[in-house]
Amino acid sequence: GGEPTLYSKFENVVEFLKDRDMHVAVVSNGTGMQKIERVADLFTDKDWVRLSLDSGTDPTFQAMHKPKKQITLEQICQEVLEAKSLHPNLTIGFSYIVTWENACADGRKIVSNIHEIAPAAKLARDHGFNYLAIKPFLERSKENSAEVIEINQPFEEYQQTIKRIIESIKEAKRYETSNFKIRESTNLRALESGTM
């Protein structure tokens, strides 16, 4: 958890790991892309960066993430494009947690973003991301603290939500190219198939 690029010695840690031929994976909110870019030349094909952005427009990004630093979704994507132009072999993913009406975390309502899956795919493709990773929103179970998918809607609305997710992903896949792919998580595919 947390934002790894906030650590003052982030770049030193990456250098330390790469000096020892270790693989590096960075999950970030994207606000520290400059630090990632400064060590990007050390990354090999086994290393990757994934940015948790979960939106296709800045208003949704702002509502979902409430960044403490004044930054927009477009600024983050532009920084990715610049990093990829200097380091084309750097693997960068755009992480997208799908949320729906009435989703809550710790009693807080979560912003729905199903309608922005396709715009996020286009944004990611156009800014040099290698993939858009889509997974469902998970809530922590009160019984055993396991992460579970809970769509708190009547059955017909639940079915409509699943249908909207499937249609949105199908639309997003129109933006796939040989250099950009849509990746659905296993639990998302199970949700879509009705096996969850």
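Gln34 is located in helix α2 (residues 33-39), where helices are DSSP runs of H or I with at least four residues, strands are runs of E with at least two, and both are numbered from the N terminus. The model is predicted, so that local features need pLDDT of at least 70 and side-chain atom pairs count only at pLDDT 80 or more, whereas totals for chains, interfaces and linings use all residues. Residues are numbered from 1 along each chain as its sequence is written, and side-chain values use heavy atoms, with hydrogens and water left out.

Gln34 counts as partly exposed because its relative accessibility is 36%; buried means under 20% relative accessible area, exposed over 50%, and partly exposed in between, with a 1.4 Å probe and protein chains only. Apart from neighbours within four places in sequence, Gln34 is in contact (heavy atoms within 4.5 Å) with Lys69 and Glu79. The C-alpha atoms of Gln34 and Ser193 are 40 Å apart, at a sequence separation of 159 residues.

His65 belongs to helix α3 (residues 58-65) and is likewise partly exposed, at 30% relative accessibility. Residues up to four places away in sequence not being counted, His65 touches Ser52, Leu53 and Asp54. Between His65 and Ala121 the C-alpha distance is 19 Å, with 56 residues separating them in sequence.

The largest nonpolar core has 48 residues, a nonpolar core being a set of buried Ala, Val, Leu, Ile, Met, Phe, Trp, Tyr and Cys residues joined through side-chain atoms within 4.5 Å. Leu51, Phe94, Phe129, Leu132 and Ile134 touch the most other members. Helix α5 (residues 117-126) gives the most to this core, with six residues. Among the residues touched by Phe94, leaving out those up to four places away in sequence, are Leu51, Cys77, Ala120, Leu123, Ala124, Phe129 and Leu132. In soluble globular proteins, nonpolar side chains tend to be buried together.

Helix α5 also packs in contact with helix α6. Their axes come within 8 Å and cross at roughly 25°; axes are lines fitted to C-alpha atoms, for helices over the stretch in contact, and angles run from 0 to 180 degrees between N-to-C directions. The two helices are therefore roughly parallel, given that angles under 35 degrees count as roughly parallel, over 145 as roughly antiparallel, 65 to 115 as roughly perpendicular and the rest as oblique. The crossing of α5 and α6 is right-handed, meaning that the near helix is turned clockwise from the far one by less than a right angle, and left-handed if anticlockwise. Ile117, Ala118 and Ala121 of α5 make this contact with Ser168, Ile169, Glu171 and Ala172 of α6.

Helix α6 (residues 155-172) and helix α7 (residues 186-193) have axes that come within 9 Å and cross at roughly 125°, so α6 is oblique to α7. This crossing is left-handed. The contact involves Tyr158, Ile162, Ile165, Ile166 and Ile169 of α6, together with Leu188, Leu191 and Glu192 of α7.

Most residues other than glycine have a negative phi.
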